[in-house]
Amino acid sequence: MDLPALGNCVTSLSCIITQSTSGLIIGMLLFLVAAGVSLIFGVLKVVNFAHGSFYMLGAYLTLTVYGVTGSFLLAVVAAAIGVGLFGLLFERLIISRVYGSQVLMQLLVCYGVILILDDLVKIIWGAEFRSLGMPDVFLKPPFLFGGGVVPVYYLFLIVLTLIIAVLLGLAITKTRLGKIVRAVAVNPGMVSALGINTGLVYAGVFLLGGMLAGLAGALAAPVRSIVSGMGLSVVVESFIVTVIGGMGSVAGALVGSLLIGLVRSFGTIGFPLFTEGLMFLLMAVVLVLKPSGLFGRET
Amino acid sequence: MSKGSDTRRHRRDFIKTGAALTATAVAGFPFVSRAQNKPIKIGMPTIQSGRAAMVGSSSRNGCMMEIEKFNAAGGLNGRMIELIARDTKGKPEEAARLSRELVNSDGCEILFDSESSAGAFAIHEVAKDLGVVVMHMNTETSSLTADPKLRVPTAFRASRQGIHDSIAAGSYAAKIAKDKGLKKWISCSPDYAYGRDSTALFLEYLKHFYPEVEVVGEVWPKLYQPDYTDALTKILQIKPQAMYSCLWGGDLTAFVDQSTIYNLFTQMESFTINVADYTILTAIKNLPKGLHSSNRYLSTFPKSEANAKWAADYRAKFNEYPITWSWENATGTKFILEGIKKAGTTEAKKLADAIRGMKIESPFGVDGTVTMREEDQTLVNYAIGWGQTIPKDPFMPDVTAVDWKVIYELETAWKKKNNYT
Amino acid sequence: MMKSSFLRDCLIALAAFAILAVLPFVYPSRGMSDFVIRLAAFGIFATSLNLLVGYAGLESFGHGLFFGLGAYTFALTMQKLGTSIPVAFALTILLSVVVACVVGAICVRLKEIYFAFLTLAFQMLLHSLIIAWTPLTGGDQGLTGGVPRPPFLGIRLDQPYHLYLFCGGLLVLCLLLMRHIVQSPFGYTLRMIRDNPARATFLGVQVWRMRLAAFVIAGAFGSIGGMVMSLFVSGAFPDFAYWTISGEAIFMIMLGGTTVFFGPLAGAIMLLMLNDAVTKLTEHYGLVLGIIILMFALGLRKGFMDYLAEWWRGRQMSSVAAPAATQARPLPAQPVKVAGE
């Protein structure tokens with residue numbers, strides 16, 4: 001524990017700015033994965049443990065498309081669409097077969113898929129870790145403001161993710177489709193009785209979740225090492241976010257992700273050896289005080 | 001049938017290998033033949049899946065370099081070496097189980113430990129229990145061989161060692177620090193035993209050689225942490241003159257990539273000790289100039305024909321660059337094979353006696369030789385050098401060798417301090 | 001009735017122990033005895049998890065808390081205090097009970113998935129603690145240096161046969177005790193709470209207290225699994241407290257079945273054998289095991305023993321009813337809950 005260091009930091013403006021942006025950066029990528037996990041859980045009541053593998057696939061797809069075409073934009077789009085379609089297939093072929101089973105059976109199925117994907121990735125792309133390298137567009141000196149430093153790429157990443165978060169939130173709360181999705185989450189039987197194809201909604205949620213995870217993988221590719229099994233830590237953090245924010249809530253996923261980001265960035269200063277424990281502690285506290293999460297409905 | 005295909009196995013030939021292994025398992029297990037030319041089986045618990053899967057492939061490749069030569073030369077009176085590698089998935093309890101299985105059920109007479117350090121300690125216990133010869137190939141944790149309480153007469157280590165590297169790093173870094181007046185240091189190392197031990201020792205020796213050094217901060221990212229933003233911003237806050245980091249593998253490439261976009265390396269001298277290994281050097285797309293690193297493995301250091309040739313052979317055979325685990329496993333294998341030749345048997349006690357204190361020719365040694373030190377059964381006299389990176393092959397053109405005399409002297413003092421004598 | 005069935009179980013247990021005792025003389029193989037020791041660790045652990053999942057309806061993601069706690073407490077007591085093995089056993093169980101009381105009191109108030117995630121959080125806190133408290137636990141390196149095995153009551157655990165028989169005996173004993181617990185009135189109360197907590201409350205059952213009791217009992221047995229594992233590897237590793245160990249136990253009970261008492265044991269045998277065979281045959285362990293898991297989960301949609309039990313019931317039913325009637329195989333999509341066994 002290093003509380004004096006934490007004290008020094010929160011009294012210095014430049015430290016607050018730098019660590020907050022750092023929390024923002026960590027949180028935003030996490031949000032893209034966690035939003036999918038949260039939506040899928042909220043609507044389908046499925047604990048999609050395989051979501052981290054979607055993220056991994058996104059990174060590898062980006063690696064390949066970028067390698068072939070040299071266009072980062074194309075690679076990102078391809079990864080989002082590719083992984084979205086994969087999510088759709090995953091829902092139709094696999095997870096839809098265990099709807100209504102015990103949560104633990106769904107977990108078993110997801111684990112099987114994780115094992116297969118991790119090995120397939122190794123067979124196709126090799127066991128060694130890969131690195132994409134920063135696309136030339138972003139190779140510029142970082143911005144400075146208020147004594148803090150923000151690299152160009154991260155600024156792009158924050159803005160893009162914020163836009164997506166806002167659009168996603170609007171889509172869920174304002175559009176007809178969003179209302180259907182929310183209705184399915186509360187009472188699928190009733191929605192189905194009204195003549196709406198709930199199966200289509202389920203598939204749609206997986207498509208969307210997959211696209212977001214694929215996008216997260218693509219955006220992570222230039223700065224993170226790409227390796228089989230990279231999805232694991234992300235999916236565990238996503239579940240922490242989902243629990244903290246409230247299952248099925250986009251706003252909750254955003255706030256939860258940012259909270260985790262901040263815990264990580266300020267925790268590094270105050271509790272350098274216990275940041276992971278801190279995240280689980282936060283999750284435990286939320287569960288004890290408000291089990292449905294900060295933005296979740298009481299059930 | 002299984003012998004030939006097994007010794008020439010390639011990592012993608014898994015179906016064939018699987019079939020061969022089944023055949024040996026089925027044919028060999030219930031009716032153990034006492035024939036003179038039955039193969040000498042060596043069991044190798046190693047990591048072949050998950051994030052550290054490279055450990056397994058590079059380790060096995062390193063071993064095969066030596067085993068093929070041995071078998072081609074006729075083996076031990078016609079007895080060929082057969083290497084059986086199994087995936088521990090990085091779990092220590094699997095490492096323990098597999099080691100026991102390899103010895104008890106598969107009839108392996110020798111164990112190659114190509115695991116991480118937690119796995120290594122588990123295998124060490126098995127070797128003690130079963131009394132077989134084990135060669136630790138990868139673990140750099142010094143206490144495994146330095147602590148007499150842990151010593152097992154049939155256990156050896158053929159890898160580089162934390163204490164050696166730390167002394168070498170400290171002496172080199174202190175020289176640079178004195179020249180450039182680098183007094184404010186920060187460390188950024190992975191938060192687990194290796195990271196903490198190496199960092200503490202490095203800082204101790206850095207101060208030993210240059211007492212004016214002041215440690216102004218430390219950051220401890222988690223092992224396999226995908227994002228280093230929090231660590232980087234903390235480092236930038238503190239504004240040190242120099243940074244030490246013993247991050248490795250995929251963590252290191254991500255760290256370097258992320259540091260680059262923060263322009264971190266232009267603001268301080270960086271001692272990223274594990275950069276000079278080909279997986280890292282080739283994986284990083286924009287390798288920064290001027291990072292200080294020790295040689296994990298370089299085909300240009302030691303600068304000898306033998307080393308260059310070994311690297312070329314390795315690349316030709318496996319179509320990939322050798323890395324630090326490759327040379328360590330090749331070295332460990334060579335000790336075992338030379339030991340078998342010298343002892344004329346695979347019997348554990350005699351084999352261990354033969355290996356203890358042995359000196360062999362090696363492309364990786366300071367003077368073309370390395371030694372399995374008698375007192376603590378660990379590898380010494382391997383080449384340790386330091387230099388600075390450039391973005392292109394040969395990546396680290398000028399490497400300064402570190403003098404083993406300094407290492408021996410401080411290692412002895414370190415052992416005394418820890419009551420290891 | 002109750003008493004006679006317990007007597008019968010005791011006799012079966014004795015017979016099982018006798019078979020285990022002679023087995024090494026009929027089939028001398030250290031591979032086999034190693035397997036039995038690991039089976040003891042995971043069999044006890046998985047069955048104890050099923051006390052929660054199958055009988056109390058509490059789906060825990062964090063049962064590995066007790067596996068890790070058991071392994072570390074036992075190994076540390078042996079290493080640092082140098083006590084005898086029974087004393088270390090007793091101390092470990094005592095500590096597990098205390099921890100289970102505290103953690104359980106907080107967790108069992110929560111419903112379903114929230115309970116699952118809270119147990120996971122507690123397990124990961126223990127894991128973080130083990131990693132951070134390096135001077136005591138050895139950190140991520142694990143607790144090295146071996147666990148001493150001093151002889152007690154004529155049992156010498158440093159001898160392979162003794163260790164084998166001791167662990168095998170523990171397996172039989174723990175299964176017998178857990179069997180007794182689930183067949184007791186307490187066990188039936190748990191089933192009632194699982195199926196209809198409102199009704200149980202109405203009948204005057206203190207649901208919360210019963211769940212806590214189940215949590216504590218499961219925790220105590222779970223820690224025994226950890227102790228056996230620590231004896232096997234002669235140490236303790238942070239992996240034992242990581243969420244993956246809970247995952248393994250979950251897969252065992254899902255493979256073997258949750259509605260039959262021996263389901264988890266069958267699952268443990270299946271997963272261990274699968275693991276050993278697949279590791280032996282290919283380095284593409286994940287691919288092969290993943291496909292097998294999927295075939296199982298999507299094909300049967302229930303544990304192996306559950307499937308067998310249902311098939312058996314269906315056969316009996318169809319032999320009683322008109323033979324022409326359709327086989328009583330339930331439609332796959334409809335969730336099947338079998339009350340009791």
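Trainee: How many salt bridges does the rule find across the interface of chain C and chain A?

Mentor: This is a predicted model, in which local features need pLDDT of at least 70, side-chain atom pairs count only at pLDDT 80 or more, and totals for chains, interfaces and linings use all residues. Side-chain values use heavy atoms, without hydrogens and water. A salt bridge requires a side-chain nitrogen of Lys or Arg within 4 Å of a carboxyl oxygen of Asp or Glu. Across the interface of chain C and chain A, the number found by this rule is zero.

Trainee: By class, which residues make up the side of chain C that touches chain A?

Mentor: Ala, Val, Leu, Ile, Met, Phe, Trp, Tyr, Cys and Pro count as nonpolar, Asp, Glu, Lys and Arg as charged, and the others, Gly among them, as polar. On this basis, the side of chain C that touches chain A comprises four charged, six polar and 27 nonpolar residues.

Trainee: What area do chain C and chain A bury between them?

Mentor: Buried area is the accessible area (1.4 Å probe) that two parts lose on being put together, summed over both. Of the area between chain C and chain A, 80% lies on carbon and sulfur atoms. The total is about 3800 Å².

Trainee: Is A:Cys110 buried or exposed?

Mentor: Buried means under 20% relative accessible area, exposed over 50%, and partly exposed in between (1.4 Å probe, protein chains only). Because its relative accessibility is 0%, A:Cys110 counts as buried.

Definitions and conventions
Residues numbered from 1 in each chain as written. Chains lettered and ligands numbered in written order.
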